[in-house]
Amino acid sequence: MKEVPAKIEHNNAWIVIKLGIGEDRIALPAPVNKEVLFKTVVDVEEKKNILIITDKTNVEVVYKILSVDKVLAVLKKMILSSCNAYRLMAYFMSPAIKGGVMIKDAQWEKGSVVVVHSGIWFVSPTKQVCVPVNDVAGIELTKREVQGKPTDVVRIDHLESGEVVSSMVLCPLSTLQVLFNFLKETTKSMDMKGTELDGVDQQVAMLIYSGMDSHAIENMLNIPHKQLDAIYDKILKLGLAEVATIRREVQLTTKGVRYISDATKSQTN
Amino acid sequence: MGKILIVDDTLFMRTLLKNILFSGGHTIAGEAGDGEEAVAKYKELKPDLVTMDVVMPKMNGIEALKGIKAIDPAARVVMCTAVGQEQMVKLAIKTGAKGYIVKPFQAPKVLEEVKNVLST
């Protein structure tokens, strides 16, 4: 078993350990004193440089491991190849589209797609990309031209640092259908009927998506701010958006008017 | 910064693109609502770049792209289409499009793509 330096969260504090990495398990020395078999890992998440592993033998236990990219890359590759998850061999392209712009040098990579509780992992010898389920904005079984032929692919739209990114998965149609259904089921809570917003509401949502602020939206759609506020309320209530900033409109008091009058006088004198 | 011709059959999309491009410091040379008008406006306005919708009445974006390329082989055209029509990419690139954006899009990415194409 190889030993690498890492930190682990134990009793709400980060402690330095020599993490043991074996072929089928990791060893967490004292004071944790645990061995985690890869096959009993049911979830793998990554937040910055922290790998969050959920192990389930009898009860679920969560381990948070902090280390350098190189160590985490090895850990992720080993755990994701053997953990308890829905796994399929596939070609994937991630990212394929960023913010609506096609990535020109995007390549299909051979690897596997691993679906765990909290997200979807794209794993190849050189890459481990995670798309958290909560960040999945859309899933579509669609066609894409591959080697000159229209080919069935699953397209997954997800949010990455506020940017909409699309990834593609390519494998036999029957497997794609299983993956599509699985992902649809996992993200079912985010599905909507499609009738919740009317035409103007949808245009407002589209403009928010494109990065327009309230002032630009009012001008573009020629709507008063009270109407825009009402649409915002509707969108917020549906959970389609969250408040980013609150701006205020103010008017001058008598003191303020006097100040400006005096300032103007001193400029003209 | 460039002089840009916006081609899209919906006023909403044209207005959105106009706002995005304007906020990025570009000048709007003009707008066209279909492929035929796009070719005519290109001849008249000689823009630095065209954003071209694909699905449009009268003449679609690919035909309009061919028409513009026949007038000016060096024309910089960025194709712009909806989700699910990405297979048009290859055809558009073959026809001479310099870039491709997929609706819905985000302003910073559109500006980045336009900047890249203008620098070619």
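The buried residues of helix H5 of chain A are A:Leu228, A:Ile231, A:Tyr232 and A:Ile235, where buried means under 20% relative accessible area, exposed over 50% and partly exposed in between (1.4 Å probe, protein chains only). Seen down the axis of H5(A), these buried residues fall within an arc of 105°, so they line one face of the helix; the arc is that of the directions from the helix axis to the C-beta atoms. This is a predicted model, in which local features need pLDDT of at least 70, side-chain atom pairs count only at pLDDT 80 or more, and totals for chains, interfaces and linings use all residues. As for bookkeeping, residues are numbered from 1 along each chain as its sequence is written, chains are lettered from A and ligands numbered from 1 in the order in which they are written, and side-chain values use heavy atoms, with hydrogens and water left out.

**Helix H5 of chain A**

- H5(A) covers residues 225-237, which is 13 residues, and reaches 18 Å from its first C-alpha to its last, close to the 18 Å expected at 1.5 Å a residue. The expected span is 1.5 Å times one less than the number of residues.
- Helices (H or I, at least four residues) and strands (E, at least two) are DSSP runs, numbered from the N terminus.
- On the face turned away from the buried side of H5(A) you'll find the exposed residues A:Lys226 and A:Lys237.
- The buried residues of H5(A) pack against helix H3 (199-209) and helix H4 (214-221) of chain A. Contact here means heavy atoms within 4.5 Å.
- After H5(A) comes A:Gly239, with a positive phi near 75°.

**How H4 and H5 of chain A meet**

- Two packed helices are described by the angle between their axes and the distance between the axes.
- For H4(A) and H5(A), the angle is about 115° and the axes are 10 Å apart. Axes are lines fitted to C-alpha atoms, for helices over the stretch in contact, and angles run from 0 to 180 degrees between N-to-C directions.
- H4(A) and H5(A) are therefore roughly perpendicular to each other. The cut-offs: angles under 35 degrees count as roughly parallel, over 145 as roughly antiparallel, 65 to 115 as roughly perpendicular and the rest as oblique.
- H4(A) passes H5(A) in a right-handed crossing. A crossing is right-handed if the near helix is turned clockwise from the far one by less than a right angle, and left-handed if anticlockwise.
- On the H4(A) side, A:Ser214, A:Ile217 and A:Glu218 do the meeting, and their partners in H5(A) are A:His225, A:Leu228 and A:Tyr232.

- Most residues other than glycine have a negative phi, and most peptide bonds are trans.
- The A:Ala30 to A:Pro31 peptide bond is cis, with omega near 10°, and A:Pro31 sits in the loop between strand E3 (25-28) and strand E4 (34-37) of chain A.
- A:Asn33 is exposed, at a relative accessible area of 57%.
- Another cis peptide bond runs from A:Ser94 to A:Pro95, with omega near 0°; A:Pro95 belongs to strand E8 (residues 86-98) of chain A.
- A:Asn222, in the loop between H4 and H5 of chain A, has a positive phi near 55°. With 70% relative accessibility, A:Asn222 counts as exposed.

**A buried aspartate in chain A**

- A:Asp157 is part of strand E14 (residues 149-160) of chain A, and its 16% relative accessibility makes it buried.
- Neighbours within four places in sequence aside, A:Asp157 is in contact with A:Asp135, A:Val136, A:Ala137, A:Gly138, A:Val165 and A:Ser166.

**The two chains in numbers**

- Chain A has 6 helices and 15 strands, and 39% of its 269 residues are buried.
- Chain B has 5 helices and 5 strands, running β-α-β-α-β-α-β-α-β-α from the N terminus on. Of its 120 residues, 53% are buried.
- Among contacts with a separation of 6 or more, residues 24 or more positions apart account for 45% in chain A and for 60% in chain B.

**Helix H4 of chain B**

- Helix H4 (residues 88-95) of chain B has B:Val89, B:Ala92 and B:Thr95 as its buried residues. Seen down the axis of H4(B), they fall within an arc of 135°, so they line one face of the helix.
- These buried residues of H4(B) pack against strand E9 (101-102) of chain A, together with helix H3 (61-71), strand E4 (77-82) and strand E5 (99-103) of chain B.
- Just after H4(B), B:Gly96 has a positive phi of about 120°.
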